[in-house]
Amino acid sequence: MNRHIRVDDDRTGHRIVPEAIRRSDRPADRLSGARYGNRPTMKDVAARAGVGLKTVSRVVNGEPGVTPETERRVQEAIDALGFRRNDSARVLRKGRTASIGLVLEDLADPFYGPLSRAVEEVARAHGALLINGSSAEDPDREQELALALCARRVDGLVIIPAGDDHRYMEPELKAGVATVFVDRPAGQIDADCVLSDNYGGARGGVAHLIAHGHRRIGFIGDMPRIHTAAERLRGYRAAMEDAGIPVEDSWMSLGVTDPQRVRRAAEEMLSGPSPVTAVFAGNNRVTVTVIRVLAEQTRRVALVGFDDIELADLLQPGVTVVAQDAAAIGRTAAERLFRQLDGTLVTPERIELPTRLITRGSGELPPAD
């Protein structure tokens, strides 16, 4: 009997064949194969190779007691079926899932690239998988992501905080989830943290501008609630106070780091009867926008940025920066995390890594007036 099949055309001209017809028209041998979500098991391998389940287990785990011929048959079955060993049960028997989580602020921020890579390298050296995600500087999203990773039974977490209240992690810490906070300390709980010397770095960068004759120095930073922004502003104020220079309110601007806000702040500082002669940029995103604004100025303005930026040495003049060692921060945090897991760390500590002033020319320009 002939089948009458209705085939419609959609608006693009593509022919639409009902899914039931597509399934029924497939060859029988394809229907009998593996479908999405049904991964081959050791039982499937054993059946195909004509051996027992224990023999397959020995081959998969590299254990002795299997003849070369049998091992060859098992391996052929593994290759044919696309079998992959499921490590979940094995690691759970050991009380570990061999995975750690990394909660970043922004995956697109260049600062977090080397940091994330360093965490991953340490995790890999310990036979663990790294799972990461971005909070997008949203405290609620940070909490949701961190708890979701805990629900998936990661052994530990490296968290770059977006919020200032981390009491939500207390049950997880008590349950044995190793946790290290990075770049900013945890809020309202006692936990390990690995930071840069934000205060000292900013203080040294501003002192460098003062040493080159500047007295009117602007500061453009991130949101004041963020630990790093607050510490860098504190360093700026300390350097100015050390030099006996009163700071005018118009010289300081903190807020979101989108280019429009930073541009407005920089243009306001650079205009008027007593414009600033130098700018200290509070992070890499601020620095990039300030460079664009300074390129439009008719007079040369000195610049020091916190965080290094790509191609900073190729600009004219090169950009002087207070550089953090992001890789060292990530490596230190991850190593501390695994020391927690090994039981060799008990008391939480706050570790501050030094920054480094890299002089390239922009921070050494003298005042234009």
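Q: What does contact mean here, and what share of contacts between residues at least 6 apart in sequence join residues at least 24 apart?
A: Contact means heavy atoms within 4.5 Å. In this predicted model, 64% of the contacts between residues at least 6 apart in sequence join residues at least 24 apart.

Q: How many helices and strands are in the chain, and how much of the chain counts as buried?
A: The chain has 14 helices and 14 strands. Of its 369 residues, 44% count as buried. The accessible surface is about 20200 Å², and carbon and sulfur atoms account for 49% of that area.

Q: Which residues have the most contacts inside the largest nonpolar core?
A: A nonpolar core is a set of buried residues of nonpolar kinds joined through side-chain atoms within 4.5 Å. The largest one has 41 residues, and those with the most contacts inside it are Val206, Ile217, Ile220, Tyr236, Met240, Phe280 and Val290. Elements that each supply at least two residues of this core include helix H10 (198–211), strand E8 (217–221) and helix H13 (284–295). A second, separate core has 26 residues, among them Val119, Val180, Ile329 and Ala333.

Q: What is isoleucine 220 in contact with, leaving aside its neighbours within four places in sequence?
A: Its partners include Arg261, Val262, Met269, Phe280, Val286 and Val290.

Q: At what angle do helix H3 and helix H5 pack?
A: Helix H3 (residues 42–49) and helix H5 (residues 68–81) pack at about 125 degrees, with axes 9 Å apart. Angles over 145 degrees count as roughly antiparallel and 65 to 115 as roughly perpendicular, so H3 and H5 are oblique to each other. Their crossing is right-handed. The contact involves Asp44, Val45, Arg48 and Ala49 of H3, and residues of H5 including Arg73, Val74 and Leu81.

Conventions: Residues are numbered from 1 along each chain as its sequence is written. This is a predicted model: local features need pLDDT of at least 70, side-chain atom pairs count only at pLDDT 80 or more; totals for chains, interfaces and linings use all residues. Side-chain values use heavy atoms; hydrogens and water are left out. Helices (H or I, at least four residues) and strands (E, at least two) are DSSP runs, numbered from the N terminus. Buried means under 20% relative accessible area, exposed over 50%, partly exposed in between (1.4 Å probe, protein chains only). Accessible areas come from the Shrake-Rupley method with a 1.4 Å probe; for residues, only the protein chains shown count as cover. Axes are lines fitted to C-alpha atoms, for helices over the stretch in contact, and angles run from 0 to 180 degrees between N-to-C directions. Angles under 35 degrees count as roughly parallel, over 145 as roughly antiparallel, 65 to 115 as roughly perpendicular and the rest as oblique. A crossing is left-handed if the near helix is turned anticlockwise from the far one by less than a right angle, and right-handed if clockwise.
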